[in-house]
Amino acid sequence: NLILKIEKYKRRTISVSFSQISQSQLVLQTKTSSAAMATVRMIDIAVNFTDSMFKGIYNGKQYHMGDIQAVLKRAWSAGVERIIVTGGSLEESKEALAIAETDARLFCTVGVHPTRCKEFEDSGDPEKHLQDLLTLAKEGKEKGKVVAIGECGLDYDRLHFCPSDIQKKYFEKQFELAYTMKLPMFLHMRAASQDFCDILQRNKDRFVAGIAHSFTGSAEDCDKLLSFSNVFIGINGCSLKTAENLEVVKGIPVERMMIETDSPYCDIKNTHAGIRYVKSSWPSKKKDKHDQECLVKGRNEPCLVRQVLEVVAGTKGIADIDQLSQTLYHNTCRVFFPHDLDSAAEALLASCREDL
C-alpha cells in the first residue's frame, strides 16, 4: 500500500497535488528520522538582499560595509536551510540572481512589483521588457536558481507610485511568464483583494501555485485566497502586529502557510501583539556601531524567521514547534522545490523495494 501511495504521488502534477496530498503523507514520504524531527528546519521565502541596507547604506548614507555573509552565517546557524531572494524589477531581478549564485542555499524570483509596473511603459517597449524578464527567468531556472515569478500583484495602498490600471495590466501580463516557465508565482496583495482575486480567477489555469506573501489582510481576504487550492499564505512580522492580525493567522491552516522575514523590513517589534510569543533573541547594535557578530538595530534579517515561527506556534497553541517547522518546510518545498519531494519519494520507494 505504501509503494502504491508513493507511485500515485509521483504521477501527480504539482498543480493538483496541493488539494490531494495530505500533510501526513508528505511527512511519511520523506521518512523523517526521529533525530531530524528534533531539529527546527526553516526556509525564509522572502529576503530583499538587493536592498541598500545589506550594503550598509541607510537613507543614502554609508554606515558600514556590506555584510550579507555575516547575515547568512547567522541564518544558517539559526536553522534556516534556504533563502529566496526577491526580485521587484528587471534590474533588481538580475541582481537577485547574481546574489543567489553565490551560495547553493540561495534562490530567487524574477518579476516586477506592483508599485514599479510603470517600468514596463517607461522602457518604451513593454513587450520587449516582458521578454527580457522571460529571458532572465529562463537563464535562472536553467541554473537551478529561479524558483518563482514575482514579486507581482496589486498594491492599492501606494497608488502614488503606480496607478491601479497599470498595476492590473502588468500583473496579468506576468501570468504569461509563470505559464511559459511552469513556475509558481510570488504574489503581493495590499488593499486590493477583490481585483486581485478576480485576476487570479481569470488566470487560475495559468499558474501552478502561488504564495500571497507578507499577508496583512482580513479574515475575509484570507478566505478568498484560500478558496484557490494552490495558493498559500506567507506570514512575517507585518502579519503579526495586532490582535486582529493574530486572529487571522490563528485561522489559517498550517498546511497552507509559509514563513518569511521580508527583511530588512517587517521585523517583529516590541509594540506588536505577537511579541509575547517570541522566545529567541540575538544581540544587536546601532548601525553606526556596526559589529559583524550582531544584528543591526531596526534591520530585520533571515535568522529572525525563527521568531515568526515562534509567534505562529504561540498564536495557534502549538507546543511542538519542531513539527510545525517541518510542516511549513514541506509546504515550501511543495511549491518552490518540488524536486526535493520527488527525490524523497524515489528514495523511500527504493528502500521499500529492498525490504520486499
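S214 is buried, its relative accessible area being 1%; buried here means under 20% relative accessible area, exposed over 50% and partly exposed in between, with a 1.4 Å probe and protein chains only. The residue lies in the loop between β8 (210-212) and α11 (219-226), helices (H or I, at least four residues) and strands (E, at least two) being DSSP runs numbered from the N terminus. This is a predicted model, in which local features need pLDDT of at least 70 and side-chain atom pairs count only at pLDDT 80 or more, while totals for chains, interfaces and linings use all residues. Residues are numbered from 1 along each chain as its sequence is written, and side-chain values use heavy atoms, with hydrogens and water left out.

**Backbone geometry**

Most residues other than glycine have a negative phi, and most peptide bonds are trans. The table lists two residues with positive phi and two cis peptide bonds.

| Site | Feature | Value |
|---|---|---|
| S214 | positive phi | near 50° |
| C266 | positive phi | near 60° |
| G150 to E151 | cis peptide bond | omega about 15° |
| S263 to P264 | cis peptide bond | omega near 15° |

C266 is buried, with a relative accessible area of 14%, and is found in the loop between β10 and β11. P264 is located in the loop between β10 and β11 (284-285). E151, in contrast, belongs to strand β6.

**The sheet**

Eight strands form an open sheet with parallel pairing, in the order β1-β4-β5-β6-β7-β8-β9-β10; two strands pair if DSSP finds at least two bridges between them. At the edges stand β1 and β10 (257-259), each pairing on one side only. From one strand to the next, the twist averages 30°.

Strand β1 (residues 42-47) is joined to β4 by four bridges, and V47 has V85 of β4 as its bridge partner. Three bridges connect β5 with strand β6 (residues 146-155), and T109 stands opposite A148 in β6.

Helix α6 (residues 90-100) packs on the sheet, touching β4, β5 and β6, and its direction makes about 165° with that of β5. Contact means heavy atoms within 4.5 Å. Axes are lines fitted to C-alpha atoms, for helices over the stretch in contact, and angles run from 0 to 180 degrees between N-to-C directions. α9 also packs on the sheet, touching β6 and β7 (185-190), at about 165° to the direction of β6.

A nonpolar core is a set of buried Ala, Val, Leu, Ile, Met, Phe, Trp, Tyr and Cys residues joined through side-chain atoms within 4.5 Å. The largest has 81 residues, and those with the most contacts inside it are F49, I83, F171, F196, L200, L225 and I235. Helix α9 (residues 164-181) supplies the largest share of this core, seven residues. A second, separate core of 18 residues includes A46, A148, Y329 and V335.

Helix α12 (residues 243-250) packs against helix α13 (residues 305-316) at an angle of about 80°, with their axes 9 Å apart. The two helices are therefore roughly perpendicular, a class that covers 65 to 115 degrees, whereas angles under 35 degrees count as roughly parallel, over 145 as roughly antiparallel and the rest as oblique. L246, V249 and K250 of α12 meet V311, V312, T315 and K316 of α13.
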